[in-house]
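Let's take a friendly walk through a protein model. Have the picture open beside you as you read.

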Amino acid sequence: MARPERSFPTIPIVKPDGQRPDVEHDITKVLAELLEHPGLKECFHHKHEIPARPAVYGDWPANFPDGLRAALAKRGIERPYRHQAVAIDHALARRNTVVITPTASGKSLCYNAPVVQSILEDPNARALYLFPTKALSHDQYGELYELTQASGGDIKIYTYDGDTPPATRRALRDSGNIVVTNPDMLHAGILPHHTQWIRLFENLRYVIIDELHQYRGVFGSHMAGVLARLRRVCAFYGRQPTFLCSSATIANPKELAEQLLGEPVELVDENGAPTGSRTFLFYNPPVVNRELNVRRSVRLEARRLAMRFLANEHQVIVFGRSRMDVEVMTTYLKRGMTRLHRDPEKVTGYRGGYLPNERRAIEKGLRTKEILGVISTNALELGVDIGSLEVSIMAGYPGTIASAWQQAGRAGRRGSPSVSIYIAGSTPLDQFLMKHPEYFFGASPEAAHINPSNLPIYAAHVKCASFEVPFEDGEPFCQTDPGAVLQFLEDEHLLRHSGNRWHYASDAYPAEDISLRSAAGENFIVLDSGRNNEVVAELDYDSAPFFIHDDAVYIHNGKTYLVEKLDWDRRTAFVRHKVVDYYTDAEASSTVQVLQIDEELPGPKGSPIACSRLGDVSVQTVIAKFKKVKFETQESIGYGPVQVPTLEIQTQAAWLTFDQDLLRGKFGARASDVGGSLRGLAALLRHAIPLHVLCDSRDFSVMATLKAPFDQRPAVYVWDRYPGGIGIAQRVHRNLRDIVVTADRMVKECRCVHGCPSCVGAQLDTEKDLKQATIALLEALS
């Protein structure tokens, strides 16, 4: 049985006589009380003050329309900020532009102003707006509609997504000056049917790409293919539109934009918007088991801190690392509100899988302050308008510095004082940042990487592009010669080469089978069998076996459902609402089969490393069982089987192969020490890699094995979690020495004796000294 957590002093929220205290509306006073609270003040490891900053202004262009100027003045915008003025000048000069400034700095005006001006000057002009999510499309539509109506002129704006009625689709194709959509609809609904969109493509002046930083990894690699197809179709109609992009802070916005567009881009990065003061706190939960160096649950600590602000009616957003984090913390905070005799409906979850009408109602509730607290995945990192929040809490490191600043920026969006709190988990990466806050505040944000040459992704978009407009011999695609792919598609009887052109020859419609956001199959639907199979939620393919297997507890906005049946073939789960005091957590194991070695480097002489390799692998993941975990105490109360198909991907991996004799010589004859040191190394690499490769730890997997199937030798594998790979393993292979040095620093700075979750993981009963064994291995590697 799990050891119960030690109790800690709670924050008093009601008076001794049971009366509710006066609400403290001054957030600085609430913060001061928090920092001096006896049960909490020792946990605040670092305080970073960011002072307020005044605005720096520019000027409108000389030919700026009077109607547009007046419309902006009515909204309180008399002059543009400096970055807005520079970006508008670039746009009107028809130069591709990317604007990179902080959250709530007015980036949307950088593209809205030149688009509206161009249409006021030429009513036939068209613009295409691309937002990464449907929610963001609807949010920005409202702002754009108000601006165009106030500016005068007959500017027609339409959103185009899966919910758009057929009659509206016909109207927007014929008369829409501005079409607001998302990459998925452009990919499957517009480009393959471009002959129905002749008015749009013949008059297309601007293409707007918002939240550029979201287009990284697989999604970004797909986006490069979609934009290459868009440029081909535009060229077919004799147009070369100007691309206007905006992005949160990343290290390489210009490079990313130019990779996505295949064209030169101007960078605007001098922010002129004012900012309110921000207090940024690092909070390390108290240790509940000093021997094992186990800290109190991040979820419970997030509840403690959030409830202090909620009790004083300050709007709070809590970010969780996963959908399970979100649902468990939503449950905790709803219970906390009930204990305070407050309305638990003032707290809500927010994540992918919630139905569109639910998400829009939550967004509106946050803007109107009907909702005080929201617990979200990174879905609310994006620029959806959710009003003037005052506190942001990160329950665990978000994965990248760029994401952390995005999440922190969700508070104080109106220029008022704000508080951001980062609560560390027990992972080596979280604890490393607690010990080295200067890394967080001093390091530049991560670069966003894409790999348009990923063969499965590249081939998919070549196939789609040939369906839209035939390829000519020698025509490049994504700055690469597609000749070999075209020939392969002809061999598969999908294309036909005639003269100097490649024509699509199949009856199949290629775009409908290609998901931009995943290489997996379609989403799963969750139905409530107790309410006539009412739709509860949607779930992506990769998450389904973990969250909606038979007998799982599925949590939706704090409400628990038992999964009665998962129909895998029909992609449907049937659930029934039931109040339970536990949640379920599925456990997976993977095996790696080497398909091809691309690079191999011998290990240093005398080192236990035989070689380091880079190559293609097949990874099979089996989800065989789940455990039941009690709310609050985190106590494990049972297990059950999971029966779902094995998941398999072919991807790229980097791996270390060890000389078994040298390993055993280093650690004696104890196999448990050898196995433990490899497992400890894998745990550390999992957290050191993101500091060097600049990616999210969820983008790759790490696994240690004493006997790899490939050559029967000990090995540690690192693989990309996306089919074909996105370049992470390649960068690990090339930066291995620096990664090992960071891993060595992480384990040596941990204050535990034998090993703990904050460094190499918990020591097993059969292991002598896991921490020292891992340190010995790291020293041998470096």
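Here is a short briefing, grouped by topic.

This is a predicted model, in which local features need pLDDT of at least 70 and side-chain atom pairs count only at pLDDT 80 or more, while totals for chains, interfaces and linings use all residues. Residues are numbered from 1 along each chain as its sequence is written, and side-chain values use heavy atoms, with hydrogens and water left out.

**Nonpolar cores**

- A nonpolar core is a set of buried Ala, Val, Leu, Ile, Met, Phe, Trp, Tyr and Cys residues joined through side-chain atoms within 4.5 Å; buried means under 20% relative accessible area, exposed over 50%, and partly exposed in between (1.4 Å probe, protein chains only).
- The largest such core has 57 residues, and those with the most contacts inside it include Tyr422, Phe440 and Val732.
- Helix 21 (residues 671-693) contributes the most to this core, with 10 residues; helices (H or I, at least four residues) and strands (E, at least two) are DSSP runs, numbered from the N terminus.
- Not counting residues up to four places away in sequence, Val732 touches Ala654, Ile689, Val693, Val718 and Ile739, where contact means heavy atoms within 4.5 Å.
- Another core, of 42 residues, lies apart from it, and Leu130, Cys234, Ile250 and Ala448 are among its members.

**Helix 10**

- Which residues of helix 10 (residues 253-261) are buried? They are Pro253, Leu256, Ala257, Leu260 and Leu261.
- Seen down the axis of helix 10, these buried residues fall within an arc of 120° (taken from the directions from the helix axis to the C-beta atoms), so they line one face of the helix.
- An α-helix has 3.6 residues a turn, so residues three or four places apart point the same way.
- The buried residues of helix 10 pack against several elements, including helix 9 (217-236) and strand 7 (242-247).

- An open sheet is formed by 3 strands in the order 17-19-18, with antiparallel pairing; two strands pair if DSSP finds at least two bridges between them.
- Strand 17 (471-472) and strand 18 (495-498) stand at the edges with a single partner strand each, so one side of each has no neighbour in the sheet.
- Strand 18 and strand 19 (residues 501-504) pair over 4 bridges, and Ser498 stands opposite Arg501 in strand 19.

**Gln117**

- Gln117 sits in helix 4 (residues 107-121) and is buried, with a relative accessible area of 1%.
- The side chain of Gln117 reaches the backbone oxygen of Asn63 at 3.5 Å.

Terms used: Polar contact = N/O pair within 3.5 Å; in protein donor to acceptor, adjacent residues only side chain to side chain.
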